[in-house]
Amino acid sequence: MKAWLAALLLAAGTAHAGFDVAVTVDDLPAHGQLPPGVTRLDVAEAHLRAFRQFGVGEAFGFVNARKAESESDPVLIAWRKAGHPLGNHAYSHMNLGRAESLAAWEADVVAGEPLVEKHMQGADWKWFRYPNLSVGDGERRDAALAFLKSRGYRVADVSLAFSDWDYTDAYARCKAAGNEAAVVAMTAHYLRGVDISIAQALAESKAVYGRTIPLVLLTHVGAFSAVTLPEVLSRLKAAGARFVPLAQAQADPAYGRFGGGSLITREARAQNTKLPARVAADVLDVKAMCAAGSR
Ligand SMILES: [Zn+2]
């Protein structure tokens, strides 16, 4: 572990006490572009191997049913076979804030249900993750939340994320171009960001709640996430993470304030608490890497 990270963790008082992390994975069965020769099932199986290796007993998968190959999508089958639950992420990943109407968005939620229910076979699948963490504004926000509650849903919150989605398509392009130097650079950049974000989340939790709250990690079922996941889980463990189920993490009273985006930022804004300054990450325009016209 880097010395500055160790110092930050020590300052946050978590180096020895440890902290709980629930793992959630969005956009099953398909997130972003794939590198040549890699299948959706390869990506999912790499995730499942990493969960086994690092003792993640529950990784909650959130499904966009429209992306499924068929009712018996191999990714969803593999996820369930490994014992991990599935929840609803809306049929077509419709963003509530940008949806044409509340009714259209509600129809997208309902359309996402049968496939998840089928694969969960009587187990509790009534968890919803808002696409893009967009919960809407004003009346639409309140009506949408009431709608979810009327259908028996709990909302899966987020308090830790590493922007893995920013790397997915660039990784696929660079692999296709055979640009391994770019892959090495983006991987190093991502993992430095992971270190910074873990330390930052712990420091922010301390600042906002006076303690380390259980964290809910948001990650995506993409090819880049798959190859970096062992390193990510290893870094979390080194920082003191214990992997727990989503329901256990969200049983903490910190998860009482509903809203969009990330929980700790939202709470800080509501309480007018100043968050600790972020350690600056080095700048790398990942989204432009290996793009047409660039080198
Ligand atoms: Zn998503």
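**Notes on the predicted model**

1. N132 belongs to the loop between β4 (127-128) and α6 (138-150). How exposed is N132, given its C-beta neighbours inside 10 Å? There are 16 of them, so N132 counts as partly exposed.

2. The backbone has a further feature at P29: the peptide bond from L28 to P29 is cis, with omega near 0°. P29 sits in the loop between β1 (19-28) and α2 (40-53).

3. V216 is buried, because 26 other C-beta atoms lie within 10 Å and the threshold for a buried residue is 20 or more. Leaving aside residues up to four places away in sequence, V216 touches A22, T24, D157, V158, S159, L160, L246, A249 and Q250. E113 is 103 residues from V216 along the chain, and the C-alpha atoms of the two are separated by 23 Å.

4. The packing of two helices deserves attention. The axes of α8 (residues 180-209) and α9 (residues 223-239) come within 10 Å and cross at roughly 25°. The two helices are therefore roughly parallel to each other, since angles under 35 degrees are counted in that way. Their crossing is right-handed. On the α8 side the contact is made by T187, Y190, L191, V194, D195 and I198, and on the α9 side by T228, E231, V232, R235, L236 and A239. By class, this contact has seven nonpolar, two polar and three charged residues.

5. For the chain as a whole, there are 11 helices and eight strands. The radius of gyration is 19 Å, close to the 19 Å that the globule rule gives for 295 residues, so the chain is as compact as a globular protein of that length. Along its principal axes the C-alpha trace spans about 50 × 50 × 35 Å.

6. Of the 295 residues, 45% count as buried. Among contacts between residues at least 6 apart in sequence, 86% join residues at least 24 apart.

Terms used
Residues are numbered from 1 along each chain as its sequence is written. This is a predicted model: local features need pLDDT of at least 70, side-chain atom pairs count only at pLDDT 80 or more; totals for chains, interfaces and linings use all residues. Axes are lines fitted to C-alpha atoms, for helices over the stretch in contact, and angles run from 0 to 180 degrees between N-to-C directions. Helices (H or I, at least four residues) and strands (E, at least two) are DSSP runs, numbered from the N terminus. Angles under 35 degrees count as roughly parallel, over 145 as roughly antiparallel, 65 to 115 as roughly perpendicular and the rest as oblique. A crossing is left-handed if the near helix is turned anticlockwise from the far one by less than a right angle, and right-handed if clockwise. Two residues are in contact if their C-beta atoms, placed from the backbone, lie within 7 Å. Ala, Val, Leu, Ile, Met, Phe, Trp, Tyr, Cys and Pro count as nonpolar, Asp, Glu, Lys and Arg as charged, and the others, Gly among them, as polar. A residue is buried if 20 or more other C-beta atoms lie within 10 Å of its own, exposed if 12 or fewer, and partly exposed in between; C-beta atoms are placed from the backbone. The radius of gyration is taken over C-alpha atoms; the globule rule is 2.2 Å times the number of residues to the power 0.38.
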